[in-house]
Amino acid sequence: MSELTFQNLPQQKEVYAFEIDDVLYEKKDYILQIYYLFANFVEFTESRPLAQGLLEFMKSTYESSGEEAVIDKTIAKFDLASSYKENFERLYSNAQLPLKLILIDSTKKMLKELISLNKKICILTKGNPVTQLNKLKHLDWEGLDRNVKVYFVDELAFRNIDAFNYIAQDYQVLPIEVEWIKTKMI
């Protein structure tokens with residue numbers, strides 16, 4: 001499947017729901033800031049100069065093995081207490097990022113276009129609601145987030161609620177008038 005562009009987006013929809021990661025912003029921008037914060041936390045806690053090496057290792061592991069492998073490999077490599085995993089997970093969900101997350105240019109362009117056409121925009125995202133809200137909090141919306149509602153796929157599914165029906169009812173449209181954009185725009 002080719003990447004989604006504004007030109008091949010169904011124009012007849014009334015509500016456009018956006019995923020967060022790699023749609024609104026580059027997910028690696030969040031992850032790398034978390035690694036930076038974690039590395040500095042470990043250096044402070046351990047009272048030894050670990051931050052630079054830890055950060056480089058985490059970034060390299062992320063690029064070679066993926067996000068899921070990073071914390072366990074880092075704990076093993078640097079002989080850290082297993083309790084650091086809990087600290088990392090807490091930081092991952094609640095971190096106060098040093099830098100704003102930046103909207104992907106193509107997504108920003110699409111948001112502006114949809115707003116100019118009086119279309120409704122919302123967020124429909126998978127994953128931990130606390131983490132996803134934290135990402136949204138650090139996103140530089142450039143004023144494009146006015147009246148944007150946020151819906152959580154996993155939370156709705158847990159309550160046995162179909163996300164599209166729920167969003168359609170909330171916006172008073174038919175479910176087929178809701179489009180979920182969950183791939184990066186080009």
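This tour moves through the structure selection by selection, from the whole chain to single residues.

**Before selecting**

The model is predicted, so local features are taken only where pLDDT is at least 70 and side-chain atom pairs only at pLDDT 80 or more, whereas totals for chains, interfaces and linings use all residues. Residues are numbered from 1 along each chain as its sequence is written, and side-chain values use heavy atoms, with hydrogens and water left out.

**The whole chain**

Display the chain as a cartoon. Its secondary structure amounts to eight helices and six strands; helices (H or I, at least four residues) and strands (E, at least two) are DSSP runs numbered from the N terminus. Traced from the N terminus, the order of elements is β-α-α-α-α-β-α-β-α-β-β-α-α-β. Along the principal axes, the C-alpha atoms fill a box of roughly 60 × 35 × 30 Å.

Next, colour by accessibility. Of the 186 residues, 44% are buried; buried denotes under 20% relative accessible area, exposed over 50%, and partly exposed the range in between (1.4 Å probe, protein chains only). The chain exposes about 10,400 Å², of which carbon and sulfur atoms supply 51%; these areas come from the Shrake-Rupley method with a 1.4 Å probe, and for residues only the protein chains shown count as cover.

Contact here means heavy atoms within 4.5 Å. Among contacts between residues at least 6 apart in sequence, 77% join residues at least 24 apart.

Then select the charged side chains. There are 23 positive and 28 negative side chains, and the centres of the two sets lie 2 Å apart. Lys and Arg count as positive and Asp and Glu as negative, while His and the chain ends are not counted. Each charge is placed at NZ of Lys, CZ of Arg, CG of Asp or CD of Glu.

**Helix H8**

Select residues 163–171, which form helix H8.

Now inspect the two ends of H8. At its start, a side-chain oxygen of aspartate 162 comes to within 3.2 Å of the backbone nitrogen of phenylalanine 164. Just after H8, glutamine 172 has a positive phi of about 60 degrees.

Select serine 93 in helix H4 (residues 83–94). Serine 93 has a relative accessible area of 11% and is buried. Its side chain makes a polar contact of 2.8 Å with the side chain of threonine 131. A polar contact is a pair of N or O atoms within 3.5 Å; within protein, one must be able to donate a hydrogen and the other to accept it, and residues adjacent in sequence count only if both atoms are side-chain atoms. Beyond its neighbours within four places in sequence, serine 93 is in contact with Tyr30, Asn128, Val130, Thr131 and Asn134.

Move to asparagine 134, in helix H6 (residues 129–137). Asparagine 134 is buried, at 5% relative accessibility. Its side chain reaches the backbone oxygen of serine 93 at 3.5 Å, and a polar atom of that side chain lies 3.0 Å from the backbone oxygen of alanine 95. Leaving aside neighbours within four places in sequence, the contacts of asparagine 134 are Tyr30, Ser93, Asn94 and Ala95.

**Leucine 32**

Select leucine 32 in helix H1 (residues 27–46). At 26% relative accessibility, leucine 32 is partly exposed. The C-alpha atoms of leucine 32 and lysine 59 are separated by 7.0 Å, although the two are 27 residues apart along the chain.

**Two loop residues with positive phi**

Most residues other than glycine have a negative phi. Select serine 47, where phi is near 55 degrees. Serine 47 sits in the loop between H1 and helix H2 (51–65) and is exposed, with a relative accessible area of 66%.

Finally, select asparagine 118, where phi is near 60 degrees. Asparagine 118 belongs to the loop between helix H5 (105–116) and E3, and its relative accessible area of 63% makes it exposed.
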